[in-house]
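Please keep the sequence and the structure at hand while reading.

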Amino acid sequence: MSQALHRATVRCLYDPALVARLRAGERLPELSEQEHGWLLAVDPRAWTTDPYRRSRSLTALLDEFPVAAAVRGVRACDGFFSSQAFHRCIQDRGRLALAFGTWLGPVATLELAIARSRRPGPVAGLRLAPGVAAVTVPEGFLAWFVAARAEVLPLETLVGGARPSAAPPTEGDEHLIIEPGVDGPQVGGGSAALNAFLDFCASGTTREAALAEARRLGCEPGDDESLLAELVGDGLLVGGAEGG
Amino acid sequence: MSRPGPFSQRVHGLPRLGLGVSTEYGAGSQAGALDPRALHRLGHAAFLEVGVEVAKGLDEQARAWAAAGLPTTYHFLDVNLDEPDDLDDGWLGQVRAASRVLAPAWLCGDAGLWHVGPRDRGHMLLLPPVLTGDHAEQMAAGIMALRERVGLEVLPENPPGAFFLGDLDLLGFFARLTEAADTGMVLDCAHLAMYQRWAGREPTDGLDGFPLDRVVELHVAGGTEQDHHGFGFVHDDHGGVVLPDTWAIVERVVAGAVNLKAIVVECERNDVATVVPLFERTAELWS
């Protein structure tokens, strides 16, 4: 398949280590011997004619993950392009930002949720409104995040090696809700029950199933209807007006 | 609108646009950028080829050109023609919306990999097609689908590349692609020169047997020879110096392209004084 070969080509362009492994005999299961032959026939120097390919892509990723990247260390973030996460993302037609956020680990939970909220999938039925996400982070994380963000931005500061002065909290739970705002995503407080309910709706559901889930999470009969109406009215949920 | 019937008939319904200049979003706002209207006033740019990535939309320069009633072509920068899912309703809707503004004579664009995975930040790039018969057939299906769904001719362009994969040569690939999609094409002479150099051929090798009647538009662009640890390649920088290989291809193709309607001189990051000689030489070759 030409598409698989194209994706393998992209991986080689980003990762000279993969080129070296292929030249040493490694084979990609998605490619035929003939396609491997074409890749191996490329002059090895041709893969690296663009020395800024990784740094350009990393800059785009840093824009969405400045805090988690600063914790990891910007120089270390270049390693993403040689990681299994990167290669799997390209070969599986995933989204680089989401793969990068996942690769950064738990410290990227909030930024990853924001990145996901910017990229709503093709979900039908009652669902989160575009730009809305519910996320649970360690207690005190939002305050730490705001302070850390101020320390590592703008981008020139981040690229210069800035790191947050305090370590991120790791204990307890803090429930947050992300909503779209005029100047970008806004992060506010949630609750265990509300976040669980929004999570339930994230992949799309029916009105009846949502009401049942609301009751399971503690809503009294009658209150489930008003909760749903309130969340739709507040712009956190959309769809599902057709019922069933 | 694209007319029914074979390309050999449809091509006669396409307007002759003459010499044009290219732009893409934000190009005109950069320091030292070319002002297409200034070039137009000097009589050197009859139309504007607008590079469009729908996520960015149209900039003021493109809108002003179209609002003045001047001719345009729409150069896509964001569709993988070999992926049926890429012609999604959202993207098509934005293409149609931009086309309503620009009223382009046709759509065109590099037949290559414009984005890896879904369209997203950091996913955009440009790789040439895999030069195989199968890939030509897949891209032809995309061209026909896009032509039908947008109602305009869709002219694939040969993309640039520092290397190429597959078992066909580039001209053989585009001969198969244009025949399978029954379409015309944009022949980028600078890109072809890059390929010929990579393949160790003379600039015009293979053009004798190529169906030049499929060539509706030509691109002429400057490039810079680069050396990367001894590996030579041409950087397609659209600068003010068009390499001799590119001129040789222009001269050969212009002489045989009976359906040639337009030539774009790609030079959007140069001043007018630098590019006027390129337009003059191109016009001389096409006269």
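**Helix pair in chain A**

Helix α8 (residues 96–104) of chain A packs against helix α9 (residues 109–117) of chain A at an angle of about 165°, with their axes 9 Å apart; axes are lines fitted to C-alpha atoms, for helices over the stretch in contact, and angles run from 0 to 180 degrees between N-to-C directions. That angle makes α8(A) roughly antiparallel to α9(A), a term for angles over 145 degrees.

The model is predicted, so local features need pLDDT of at least 70 and side-chain atom pairs count only at pLDDT 80 or more, while totals for chains, interfaces and linings use all residues. Residues are numbered from 1 along each chain as its sequence is written, and chains are lettered from A and ligands numbered from 1 in the order in which they are written.

In this pair, A97(A), L98(A), G101(A) and T102(A) of α8(A) meet E111(A), L112(A), A115(A) and R116(A) of α9(A), contact requiring C-beta atoms, placed from the backbone, to lie within 7 Å.

**Helix pair in chain B**

In chain B, the axes of helix α8 (residues 244–256) and helix α9 (residues 272–286) come within 9 Å and cross at roughly 35°. The contact joins V250(B), E251(B) and V254(B) of α8(B) to T282(B), L285(B) and W286(B) of α9(B).

**Contact between the chains**

The contact between the chains takes 25 residues from chain B and 24 residues from chain A. On the side of chain B that touches chain A, the elements giving two or more residues are α5 (133–150) and β11 (231–235) of chain B, and α5(B) gives the most, with 3 residues. Helices (H or I, at least four residues) and strands (E, at least two) are DSSP runs, numbered from the N terminus.

How values were computed
Angles under 35 degrees count as roughly parallel, over 145 as roughly antiparallel, 65 to 115 as roughly perpendicular and the rest as oblique. Two residues are in contact if their C-beta atoms, placed from the backbone, lie within 7 Å.
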